[in-house]
Amino acid sequence: MKEIQLFINDMPVTVPPGSTVLEAAKAAGVEIPTLCHHPNLTNAGACRICVVEIKGVRNLPSACMQPAAQGMKVYTESDRVVGARQEILRLIIANHPLDCLTCESGGACKLQDYCYQYGVADTPYAGAVSDRPVLDCNPFIQRDYRKCILCGQCVRACAEVQGNFAIDFANRGFAAEIAAPYGEDLEDGGCTFCGHCLDVCPTGALQGKIGKGLGRAWQKERVKTTCAYCGVGCNFYLEVKDGKIVGVAPDFEAVVNKGHLCVKGRFGWDFIHSNKRLTRPLLRKDGNLQPVSWEKALSVVAEKLGEVKAEHGPDSLGFLSSARCTNEENFLLQKFARVVIGTNNIDHCARL
């Protein structure tokens, strides 16, 4: 089908049929604020912060839901649009704690960023304010629903990306909230603690408990790496502060996992700085384990393997590989067993 040409702030842009105004603006290099949109999720049009003005259209439609049309003229920062976004932000923060000074998401909160961008510091709307308790009864994720803006991104991420359906909207009106089935805790609703909901939450409603209080967003350096827990090879970013790992962030551009992680890759990084972690080979001498160099350790292993093979034959030895190794490392181990040692006694912990 023929591509569509429209105008974003009087700038021509061409997009494929079926594109939204939000996608067209992105193609034109124009940023439109969003609180409920994520490129990996379906559009919901829940937050309304992405409203735009379209010439000839009376109302202000949501850019994430409005289809692009041939010849359409869109204005993303007109007076009407800015005024509407300011009013939407005032409505949101009317039921939102303004504790940005101590909030864990300070510096990484889209609501905070947009209030700063549009000069919204307070709200004229008084009335009842949510007093829901902070849910802190699982080991990985803290849920502060006083800060939840009901954008639904966590619900869609859990359902559409992970396929777990562990959370959904519950109740209606002022009592509406995101909850696990029957109001139980997350693990009772089938949550696997992949943490994908943390990645899409635009406020401080969802926080990872491991790493909380260890640094603000602007204090952390991101270092791309590969997860060491299995051979899949998921990529992510280690968040580093003062030379120490303080968290994990997704890499949505990663070819292998597209930002998806399991509970191990997401939350199992704290072992790195444990004082119980073995960082050097140990060799038993006079009944006690003593640190030695890698060269010494490998020479002892080679010597002992040679002695066993010479005395009892190659089939007296067996080798067990690990799913935590890469495919290449596992290949080398089986090659070592079959060619160097001369035995087919090799197995893998994930075979069954």
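Author: The largest pocket holds about 1300 Å³ of space. This is a predicted model, where local features need pLDDT of at least 70 and side-chain atom pairs count only at pLDDT 80 or more, while totals for chains, interfaces and linings use all residues. Residues are numbered from 1 along each chain as its sequence is written, and side-chain values use heavy atoms, with hydrogens and water left out.

A pocket here is an open set of points on a 1 Å grid over the protein atoms alone, where a 1.4 Å probe fits, with protein on both sides within 12 Å along at least five of seven lines; lining residues have an atom within 4 Å of a point. Grid points are joined across faces, edges and corners, and the volume is the space filled by probe spheres set on the points.

The lining has 47 residues, and Ala108, Leu198, Asp199, Cys201 and Arg222 lie nearest the centre. Elements giving two or more residues to this lining include helix H3 (110-117), helix H5 (196-200) and strand E12 (244-250); helices (H or I, at least four residues) and strands (E, at least two) are DSSP runs, numbered from the N terminus. E12 supplies the largest share, five residues.

By class, the lining has 21 nonpolar, 14 polar and 12 charged residues. Ala, Val, Leu, Ile, Met, Phe, Trp, Tyr, Cys and Pro count as nonpolar, Asp, Glu, Lys and Arg as charged, and the others, Gly among them, as polar.

E9 is also among the elements that give two or more residues. Strand E9 (206-208) stands at an edge of its sheet with a single partner strand, so one side of E9 is left without a neighbour there. That open sheet has three strands in the order E5-E6-E9, with antiparallel pairing; two strands pair if DSSP finds at least two bridges between them.
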